[in-house]
Amino acid sequence: MVKENETANPNANTGEGAEGPSKKAAKKQAKEALKAAKKAEHKAAAGKGENGDNAGDSTEDCSAGHYGMCGIINSKEKHDERKFVAVTELSSHMGKGPVWVRGRVHTCRAKGKQCFLVLRQQSSTVQCILAVGDNVSKQMVKFAGNLNKESIIDIEAEAVSVPSKIESCTEQNLELSIKQLFVVSQAKAQLPLQIEDASRPDNPDDTEGLNIRVNQDTRLDNRVLDLRTPANQAIFRLEAGVCRLFRDILTDKGFTEIHTPKIISAASEGGANVFTVSYFKDSAYLAQSPQLYKQMAIAADFDKVFTVGAVFRAEDSNTHRHLTEFVGLDLEMSFKYHYHEVLHTIGNTFTDIFKGLRDRYSREIEAVGQQYKVEPFKFLEPPLILQFSEGVAMLREAGVETGDEEDLSTPNEKLLGRLVKAKYDTDFYILDKFPLAIRPFYTMPDPNNPIYSNSYDMFMRGEEILSGAQRIHDPEFLTERAKHHGIDITKIAAYIESFRFGCPPHAGGGIGMERVVMLYLGLDNIRKTSMFPRDPKRLTP
């Protein structure tokens, strides 16, 4: 029956009736005819290529084996014959034959029979060119033109000079002529943020420029991408410089680096802002400070010590300068008769760090300045030291009402910083003799005025970056002060006991590394100087 119906109505499946093809069928036929014409055209073009009339556009791939995906590198091969060169060293290899370079595809643009790549290696960039020719096939150029941004590639290329500077790259006087290209690690085609957008100058006053901004949460959610920007590369290299200078300067001064526990039995600052963790059948705390252990090291005759490590603060502060975990640069040292011996040592350490950053990290400072407005950091040598009471007097002269024993609020700190800058032309200063009531239990009171204490803070651009003091080294007096602050003596028994075997007078301080970098560079948020920041609302990545 089916066969009979097909015979009776041969046009049933084509949509043709008595009056010829339907519109749908006619459209389909036209499409097929166009496709066949294009196929014939391509075949003819290929025939020309075989006859030598269109070299480089042949269906035969003359670059086969010189480009492509190299697969997962699992240490199967060594390729010792490939001598890799850093982008910053390419100028010394011009005219000396091919070199190998590994980097990321920063931008990629195909144009006719050419492809232009910008290869990025950390903060350094170089233009690369690939053109169809005797040794470069059209397929290879097409492959290069389809590379995903941020993919990691290995290229063999010759460094050649260019007639005019390439302003968009850090290597402006040369480009790389690519011979071979292999993809080492392919990035996703769709990125959650573009490096070019994340690198744009932060200038909200510029109404005529491209109004493209990557917000902070997007940056932090995709931190691995965000950290690739030139400014971020520079920030964290400078941050490493702060740690290196801190270590080197103190080591030269006779300090010993120590490492202290981060799991402790009692709150080290005597406050409630601690993270509690389960410790087998008991509870423990994450250290708010290495304070107690630095002091115990002094009691153990280490004389001068410093430590670099994580510090935890369970403070629900969602401000521009607070983190729940940060890197502490802490130091402690014994002195002969007056804690100012220590205060001056710390102050001079800061000025040495500032000079080291200025002299050795100018390139990084300049790179940060390309994206963020960076005012040069000013400091005096020796550093300015003011009494707490002097600072209060300056604030009162400016119309601020504040008590003699009242701690400085953040707005008052910033105002005092501006007043000090206007009067003394310095972004760094020391405030000495803080009220005893606002300092931790182990702080030594001022022998001349019981309202005050032998304690000090240090400030950069009007924000506190170090808090320190002379510590109480007498066990009975220390016990008395701990009880006054409501601290369970049984939980700090080992700490107090360490002073019963004789302990020299000593003082020290704790520095927030991320805050120092933020303020030195004049940045507006501490999350910019924390590689993977932790705050009350962020626990990942």
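**Entry 1: the model.** I am working from a predicted model, so every value here is computed from its atoms.

**Entry 2: aromatic pairs.** I began with the rings, and the structure holds 17 aromatic pairs. I looked up Phe84 and Trp100, whose ring centres lie 6.1 Å apart with the planes at 45°. I then checked where the two rings come from. Phe84 belongs to the loop between β1 (67-69) and β2 (99-111), while Trp100 is in strand β2. The two are 16 residues apart, and their pair links distant parts of the chain.

Trp100 is at 7%, so I noted it as buried, the cut-off being under 20%.

**Entry 3: a charge at Trp100.** I stayed with Trp100 and found a charged neighbour. The charged end of Arg82 sits over the Trp100 ring, 4.1 Å from its centre. I also noted Arg439, which lies over the face of Phe434 at 4.6 Å from the ring centre.

**Entry 4: a second pair.** Then I turned to Phe354 and Phe377. Their ring centres are 4.7 Å apart and their planes stand at 55°, so this pair is tilted. Phe354 sits in helix α9 (residues 340-360), and Phe377 in the loop between α10 (362-371) and β13 (384-387). I read Phe354 as buried, at a relative accessible area of 0%, and Phe377 as buried at 12%.

Which residues do ring pairs link into a cluster with these two? I found Phe350, Phe379, Phe428 and Tyr520 joined with Phe354 and Phe377.

**Entry 5: Thr324.** I moved on to the loop between β11 (304-312) and β12 (325-334), where Thr324 lies. Its relative accessibility is 10%, so I counted Thr324 as buried. Leaving out residues up to four places away in sequence, I saw that Thr324 touches Phe275, Val311, Phe312, Arg313, Glu315, Arg534, Asp535 and Pro536.

**Entry 6: a surface patch.** Val224, Met531 and Phe532 make a nonpolar patch of about 270 Å². I placed Met531 in the segment after α15 (513-521). With a relative accessible area of 38%, Met531 is partly exposed.

Technical notes: Residues numbered from 1 in each chain as written. Predicted model: local features only at pLDDT ≥ 70, side-chain atom pairs only at ≥ 80, totals over all residues. Heavy atoms only, no water. Patch = residues over 30% accessible without salt bridge, like charges linked within 9 Å, V, L, I, M, F, W, Y side chains within 5 Å. Areas by Shrake-Rupley, 256 points an atom, 1.4 Å probe, with all protein chains shown as cover. Salt bridge = Lys/Arg side-chain N within 4 Å of Asp/Glu carboxyl O. Helix = DSSP H or I, 4+ residues; strand = E, 2+ residues; numbered from the N terminus. Buried < 20%, exposed > 50% of the residue type's maximum accessible area, 1.4 Å probe, protein only. Phe/Tyr/Trp six-rings, centres within 6.5 Å; stacked < 30°, edge-to-face > 60°. Lys NZ or Arg CZ within 6 Å of the ring centre and 35° of its normal. Contact = heavy atoms within 4.5 Å.
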